[in-house]
Amino acid sequence: MARAERPLSPHLQVYRWYFTMALSIGHRVSGVGLALGLVLLTWWLLALASGPEAFATVQAVMHSWFGVLVLFAYTFVLFYHLANGVRHLAWDMGYGFELPTAIASGIAVLVFAGAMTVLVWLVIAIAG
């Protein structure tokens, strides 16, 4: 017996991507990135407790170009998730749903995350 053709559920390829949708997905991805970053923090803390040789190994990895890139990205993810979390909190209270406000707050999230990342790394460069 032939089965009737049923419509398929829409997929991401069907939807038109828009700015606030991308920021919302980015918020979820940044949460995963923060959780994965805890593995690095745990590695660093275990190396610190294990002695100078283990700590020197971790420090060498973190001071390599790849380690610095990972730490820079982690800093951006941290500030992005923080700012977007505040934005979501405002939405939970019923504010900012108008499209121009949602777009402006999304731009503010990206500007804040970028500016704070650069500021933190400038302070690290000056202090170090």
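Trainee: In which helix is the place of Phe19?

Mentor: This is a predicted model, where local features need pLDDT of at least 70, side-chain atom pairs count only at pLDDT 80 or more, and totals for chains, interfaces and linings use all residues. Residues are numbered from 1 along each chain as its sequence is written, and side-chain values use heavy atoms, without hydrogens and water. Helices are DSSP runs of H or I with at least four residues, numbered from the N terminus. Residues 19–50 form the helix that holds Phe19, and this is H1.

Trainee: Is Phe19 buried, partly exposed or exposed?

Mentor: Buried means under 20% relative accessible area, exposed over 50%, and partly exposed in between (1.4 Å probe, protein chains only). Phe19 has a relative accessible area of 31%, so Phe19 is partly exposed.

Trainee: Which residues does Leu71 contact, leaving aside neighbours within four places in sequence?

Mentor: Leu71 is in helix H3, residues 65–92. Contact means heavy atoms within 4.5 Å. With those neighbours left aside, the contacts of Leu71 are Met62 and Trp121.

Trainee: How far from Arg87 is the nearest side chain of opposite charge?

Mentor: Lys and Arg count as positive, Asp and Glu as negative, while His and the chain ends are not counted. A salt bridge needs a side-chain nitrogen of Lys or Arg within 4 Å of a carboxyl oxygen of Asp or Glu. Arg87, in helix H3, is buried and has no salt bridge. The nearest side chain of opposite charge is Glu98, at 11 Å.

Technical notes:
Helix = DSSP H or I, 4+ residues; strand = E, 2+ residues; numbered from the N terminus.
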